[in-house]
Amino acid sequence: MDKPIVLSVGDVFHLRRGKDRVIYAGMPSDNIYSIVQRKWDFMPLGCWGFAWNLFFPKKQQEITIDGVNIFVENVTPEAITLRIG
């Protein structure tokens with residue numbers, strides 16, 4: 001796995017070329033964290049996109065988003081530390 005990536009609430013990270021972007025959305029409760037999965041489509045007159053929140057139990061450290069394996073090293077209400085597989 002690569003070096004750790006630290007995202008604060010609202011920070012965006014592109015998983016890799018041809019894959020989605022993720023945004024850390026914080027912790028809506030003590031035991032749940034949220035990551036936004038964002039897709040983009042480019043149109044001739046501009047761009048538009050769509051996104052949705054994914055919710056995970058705080059104890060869940062191995063997740064997959066857009067076919068990319070992600071290991072969650074640490075999560076707090078302010079930031080999340082990830083390793084992209």
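Because the model is predicted, local features need pLDDT of at least 70 and side-chain atom pairs count only at pLDDT 80 or more, while totals for chains, interfaces and linings use all residues. Residues are numbered from 1 along each chain as its sequence is written, and side-chain values use heavy atoms, with hydrogens and water left out.

Starting with the overall make-up, the protein has zero helices and eight strands. Read from the N terminus, the elements simply go β-β-β-β-β-β-β-β. Here, helices (H or I, at least four residues) and strands (E, at least two) are DSSP runs, numbered from the N terminus. Of the 85 residues in the protein, 32% are buried; buried means under 20% relative accessible area, exposed means over 50%, and partly exposed is in between (1.4 Å probe, protein chains only). The protein exposes about 5400 Å², and carbon and sulfur atoms supply 53% of that area. These areas come from the Shrake-Rupley method with a 1.4 Å probe, and for residues, only the protein chains shown count as cover. As for contacts (heavy atoms within 4.5 Å), take those between residues at least 6 apart in sequence: 41% of them join residues at least 24 apart.

Now for the sheet. Four strands make up an open sheet, lined up as β1-β8-β7-β6 with antiparallel pairing. At the edges sit β1 (5-8) and β6 (62-65), each of which pairs on one side only. From one strand to the next, the twist averages 40°; for such angles, axes are lines fitted to C-alpha atoms (for helices, over the stretch in contact), and the angles run from 0 to 180 degrees between N-to-C directions. Two strands pair if DSSP finds at least two bridges between them. For β6 and strand β7 (residues 68-75), there are four bridges, in the antiparallel sense. Within this pairing, Glu-62 has Phe-71 of β7 as its bridge partner.

Next come the salt bridges, each a side-chain nitrogen of Lys or Arg within 4 Å of a carboxyl oxygen of Asp or Glu. The count comes to two. One is formed by Asp-20 and Lys-39, whose closest N and O atoms are 3.0 Å apart. Asp-20 lies in the loop between β2 (12-14) and β3 (21-24) and Lys-39 in strand β4 (residues 32-43), so this pair ties together parts that are 19 residues apart in sequence. Asp-20 is buried, at a relative accessible area of 7%, whereas Lys-39 is partly exposed at 24%. The other joins Arg-83 to Glu-73, with the closest N and O atoms 2.2 Å apart. This pair links distant parts of the chain, ten residues apart: Arg-83 is in strand β8 (residues 79-84) and Glu-73 in strand β7. Arg-83 is partly exposed at 24% relative accessibility, and Glu-73 is partly exposed at 33%.

Finally, what about two residues of β8? Leu-82 lies in this strand and counts as buried, with 2% relative accessibility. Setting aside residues up to four places away in sequence, Leu-82 touches Lys-3, Pro-4, Ile-5, Leu-7, Ile-70, Phe-71 and Val-72. From C-alpha to C-alpha, Leu-82 and Glu-62 are 9.8 Å apart in space, and they are 20 residues apart in sequence. Thr-81 also has its place in strand β8 and is buried, with a relative accessible area of 14%. Beyond its neighbours within four places in sequence, Thr-81 is in contact with residues including Pro-4, Val-6, Glu-73 and Asn-74.
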